[in-house]
Amino acid sequence: MQTARKVEHFLEDPNLSAPLRQIAQKVFDKKRITPEEGQLLFEEGELGFVGALANYIREARHGGRTFFNRNFHVEPTNVCLYTCTFCSYSRLIKKREEGWEYSLQEIMDIIKKYDDEPVTEVHIVGGVLPQYDLQFYSDLFRAIKAHRPGLHVKALTPVEYHYIFKKAKVSYEEGMQQMLDAGLDSMPGGGAEIFHPEIRDQIAGGKCSGEQWLRIHEIWHELGRRSNATMLYGHIERFEHRIDHLEQLRALQDKTGGFQTFIPLKFRNQGNQMSHVPESTVVEDLRNYAISRIYLDNFDHIKAYWPMIGRNVAQLSLSFGVDDIDGTIDDTTKIYSMAGSEEQNPALSTRELVNLIRAVGRNPIERDTLYNVVQDFTDHVFEEDEQFKGYMSLPVVNR
Ligand code: V47
Ligand code: SF4
């Protein structure tokens, strides 16, 4: 296999330092790297080196398979009482009339718009406001399940759960059990930001701590359910904070095995209180995907959220450890377009996404939320009448 030969080459490469060669050897032997080695990769690992190691791991696990999911987002509100400095929602609390605050009926009307679409998942997330409490979300999950039992409800994060359980005076254990009973299927990865308090207190003060975020996921996993994890990177954090974050996720995953995928989220700097902080480069984004793939040896999947990084970088990421792309059909989230993402209208038809994956020589596989294969699109021929929204830009890799 060509990727194995690339790693073998590093084992002998005199231009590499001994510690980097040792990391290559560990990856080749499928051994875990230490936090110190992770730090060294961030400090000294060149893109070609970390990329080859990550691609080796990716291909050993998944070959060319690249997963995607047909989902849609619902954001009950874009107003939030927290004041995370990176977030474009927090400033809206001051001008509340400019935002939206949907009622349960309005949310159901949005969900019903997808009745005839072949979507398998609804991803519900938004700001935190007092009227969206434990009762509201229990009623909402029940209403969705009554309307469309097969639709997977991936909803809210420990940020909301911590807030609504505290308000309702219930423990995390009891609260998560109530959510499960109401119809929650899985938890998305948001709200993780950077766990380390030195950074978290500056960018996301007041909301749940890193410890509380991890604890709520742990309880959810103990109930036999799955969730995702994210890391918001490329702002004021240092490499040591990224390693601390990855280390805590890896340790919890050792304990529960409940995480499905890790989604690095690139900080975007428009429309928030951190607009003076420059954004990371594409090289740094790809290095971050690659090092995450190498470090998180107990995570099955690394996901790129294309509305945030753009379609071309999403294609590139598939050679740097990523095996999963999120955002299809009609990605109605506003959080990234408000924060300055390239993708102001992040909608992509299944055909476009399949072509985007095939254009870089990978195999598109539609999955459900729990990674059961729905359809292999590798050789799928689209019918003339299958929806086609415009054409894609040319691939930027393999040229
Ligand atoms: O927690 C907010 C991030 C997250 C900005 O689990 C920003 O499948 C960059 O977690 N620049 C919410 N990021 C989104 C999220 C997510 C997305 C897609 C899939 C899944 C999944 C989860 O968005 C927040 C925060 O970390 N965010 N503002 C910004 N300016
Ligand atoms: Fe609120 Fe989440 Fe934005 Fe923080 S990141 S202000 S908790 S919506």
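In this structure, strand β8 and strand β9 (residues 324-326) run side by side, pairing in the parallel sense over three bridges. Keep in mind as you look around that this is a predicted model. β8 covers residues 301-305 and is one of the elements that each supply at least two residues of the shell around ligand 1.

**Strand β8 and its partners**

- On the β9 side, A304 stands opposite I325.
- β8 also pairs with β7 (259-266); here the pairing is in the parallel sense too, over two bridges.
- Which residue of β8 is the bridge partner of F262? That partner is I302.
- β7 and β8 also belong to a right-handed β-α-β unit, together with helix α12 (residues 282-295).

**How β8 sits in the structure**

- Why can we say that β8 is largely enclosed by the rest of the structure? Five of the five residues of β8 are buried, so the strand is largely enclosed. Buried here means under 20% relative accessible area.
- In a regular strand, the side chains alternate between the two faces of the sheet.
- In β8, H301, K303 and Y305 lie on one side, while I302 and A304 lie on the other. Both faces are covered, as these residues are all buried.

**Ligand 1 and its surroundings**

- How many residues surround ligand 1? There are 23, and the closest are F86, K154, G189, G191 and E193.
- K154 has an N or O atom in its side chain 2.7 Å from an oxygen atom of ligand 1.
- G189 uses its backbone instead: an N or O atom there lies 2.7 Å from an oxygen atom of the ligand.
- Besides β7 and β8, β6 (226-233) and α15 (335-338) each supply at least two residues of the shell.
- By type, the shell residues divide into 10 nonpolar, seven polar and six charged.

**Ligand 2 and its surroundings**

- Look for ligand 2 among C80, Y82, C84, F86, C87, Y89, S90, G127, V159 and K207, which surround it.
- Seven residues of this shell are nonpolar, two are polar and one is charged.

Notes:
Residues numbered from 1 in each chain as written. Chains lettered and ligands numbered in written order. Predicted model: local features only at pLDDT ≥ 70, side-chain atom pairs only at ≥ 80, totals over all residues. Heavy atoms only, no water. Near = heavy atom within 4 Å. Polar contact = N/O pair within 3.5 Å; in protein donor to acceptor, adjacent residues only side chain to side chain. Helix = DSSP H or I, 4+ residues; strand = E, 2+ residues; numbered from the N terminus. Nonpolar A, V, L, I, M, F, W, Y, C, P; charged D, E, K, R; others polar. Buried < 20%, exposed > 50% of the residue type's maximum accessible area, 1.4 Å probe, protein only. Pairing = 2+ DSSP bridges. Right-handed = clockwise from strand over helix to strand, strands pointing away.
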